[in-house]
Amino acid sequence: MDSNDDTHHHDQSLDSFGGDSAEQNNFDHLYDDLIDKYMTLSLRQEEKNYNVIEEADIRIRQEEDITTLATILSIPRAAASILLQYYHWSATNVHDAWFTDENSVRKAVGLLEEPIVEYPNTNKVTCDICFEIELPFATISFNFLWSPFLSYLLERFVLMSIQTYIKVSIGDGAGCLMLRCPYPTCIAVVDQDMINSLALKKDKKKYAQFLVRSYVEENPKIKWCPAPGCKYAVEFVIGSESYDVTCLCSHRFCWNCTEESHPSVDCSTVANWFSNVNYYFNSVNWITRNTKPCPKCKVPIEKSVGCMRIMCRPPCNFIFCWTCLGKWSDHENDHDIACNSYKRDKQRVNHDDTVMKQTHDNSLERYTHYHDRWAVNAMSRRKALVDLHELHTVNLQKLIVKQSQPEAHLKFIIDAWQQIVECRRILQWSYIYGFYLPYREHAKRRFFEYLQGEAESCLERLHHCAEHDIQIFLRIVCPSPPPNFNDFRAKLAGLTSITRNYFENLVKALENNLSEVNPESQGDCSKNTEDSAGDN
């Protein structure tokens with residue numbers, strides 16, 4: 001690696017940055033300030049402000065909370081579970097409400113203190129669900145965990161009807177956790193003890209899963225990892241600065257909005273971006289389906305009349321055929337020109353591309369610019385993750401054998417690929433920052449594009465080196481003379497370090513909202529832009 005080229009890369013690229021020499025010097029000064037502040041820093045090793053929890057640990061925590069509350073209030077564990085669910089698993093809220101007015105809480109939640117009916121007799125009853133007349137199931141010897149409400153249920157309903165009621169309720173979703181008595185005027189809740197006594201085995205398992213999920217989803221400090229199929233949850237320290245978390249499944253996401261980690265871009269901006277994705281995507285689809293460009297001026301036209309003769313609006317006034325986009329006068333004067341016969345006409349073949357490229361308004365073109373670069377960097381990051389996995393599973397062992405190197409001496413390659421993955425993520429979301437950066441803030445925009453361009457250029461060199469230069473050392477037969485592996489090590493490690501510094505500068509600048517740009521220079525830049533526009 002030519003260290004001179006990489007060390008002074010930003011100096012060379014300044015020549016093509018644009019603007020007069022005063023403005024050039026201004027950006028030199030801003031960049032030097034950043035270098036002085038952050039060049040000695042590596043990518044930040046953030047303090048771990050979260051814990052990843054397995055499902056088994058969640059169940060243990062849940063059981064401990066239920067047991068503690070049951071002991072304090074001297075109530076059954078099933079009742080304590082219902083109270084915690086009702087108050088979103090906040091023991092403090094349960095205590096406040098319970099000791100303020102226990103009766104009101106019982107009524108609101110559906111916990112019965114006294115039996116509704118006496119112990120069931122042997123008379124036949126009419127089931128209030130299926131209306132069949134049978135002996136009450138309570139008179140039959142069975143190993144139930146008895147309760148006053150369970151006695152009441154079995155006094156008024158046939159067992160099969162109750163089981164069907166519970167089965168359907170559990171099948172409908174998590175609402176079964178606060179299931180009430182099927183009798184219309186009864187407010188009593190069906191707790192877990194009754195579910196365990198009456199429900200089928202698979203329904204009990206499903207109910208238990210709903211209970212665990214509610215413990216996470218109702219807890220303001222815990223969220224499930226959004227990765228498909230992941231069963232881990234992440235407990236976050238509320239008040240921490242960074243929402244970036246990494247699950248044990250290796251998925252990295254923003255704990256606040258559960259979207260993919262988005263460095264230097266806030267959650268509201270990410271939400272707006274994904275909203276714009278749908279808006280612009282639908283706009284393109286609508287334009288493609290419902291309009292055609294005028295063959296002369298390329299303005300999109302929506303057909304609102306029945307015949308195929310279309311006249312463009314003034315000042316164009318071009319008259320053409322809607323079907324083939326040909327000149328209408330040719331159809332009237334030349335009977336050999338017909339739209340009903342198939343012809344591989346270049347204009348028709350490229351119609352979709354024409355619509356996509358020529359009918360977009362400025363905002364759509366601008367959106368497409370940023371979206372394409374956001375998407376392509378996301379794709380490159382995913383490919384880098386695949387390459388990193390291949391390095392761990394295949395290529396590392398090849399290098400150990402072919403280069404006679406211990407694994408510890410090859411860590412620089414892993415570091416490079418990890419750096420590439422992280423930098424692709426930063427670069428991907430920096431384009432969203434650029435999309436929402438006000439266009440009138442010319443100095444900020446140009447400084448942002450400068451920092452972004454420098455970082456991106458350095459990343460491309462690193463990515464190319466890690467992806468292509470290593471291939472020669474993985475071949476079965478090496479060229480003669482063989483390349484020097486130590487030279488490759490020095491080049492890749494150097495590029496990794498330089499790229500890390502460039503992206504550290506970019507992240508810091510974006511987090512500070514490009515505050516290094518002087519507001520006065522911002523105004524001067526805007527004025528100069530307006531003056532040049534007026535001169536033109």
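## Overall make-up

The protein chain holds 21 helices and eleven strands; these are DSSP runs numbered from the N terminus, with helices (H or I) of at least four residues and strands (E) of at least two. This is a predicted model: local features need pLDDT of at least 70, side-chain atom pairs count only at pLDDT 80 or more, and totals for chains, interfaces and linings use all residues. Residues are numbered from 1 along each chain as its sequence is written, and side-chain values use heavy atoms, with hydrogens and water left out.

Of the 536 residues, 42% count as buried, that is, under 20% relative accessible area with a 1.4 Å probe, protein chains only. Take contacts (heavy atoms within 4.5 Å) between residues at least 6 apart in sequence: 63% join residues at least 24 apart.

## Two nonpolar cores

A nonpolar core is a set of buried Ala, Val, Leu, Ile, Met, Phe, Trp, Tyr and Cys residues joined through side-chain atoms within 4.5 Å. The largest has 55 residues, and Leu399, Ile413 and Trp417 are among those with the most contacts inside it. Helices supplying at least two residues each include H12 (267-290), H16 (362-402) and H20 (485-511). H17 gives the most, with 15 residues.

Trp417 touches Ala384, Asp387, Leu388, Leu391, His463, Ala466 and Glu467, not counting residues up to four places away in sequence. A second, separate core has 41 residues, including Ile58, Leu83, Ala97 and Leu198.

## Ser81

Ser81 lies in helix H5 (residues 77-86). Ser81 is buried, with a relative accessible area of 3%. Leaving aside neighbours within four places in sequence, Ser81 is in contact with Ile66, Trp89 and Leu211.

Methods
Buried means under 20% relative accessible area, exposed over 50%, partly exposed in between (1.4 Å probe, protein chains only).
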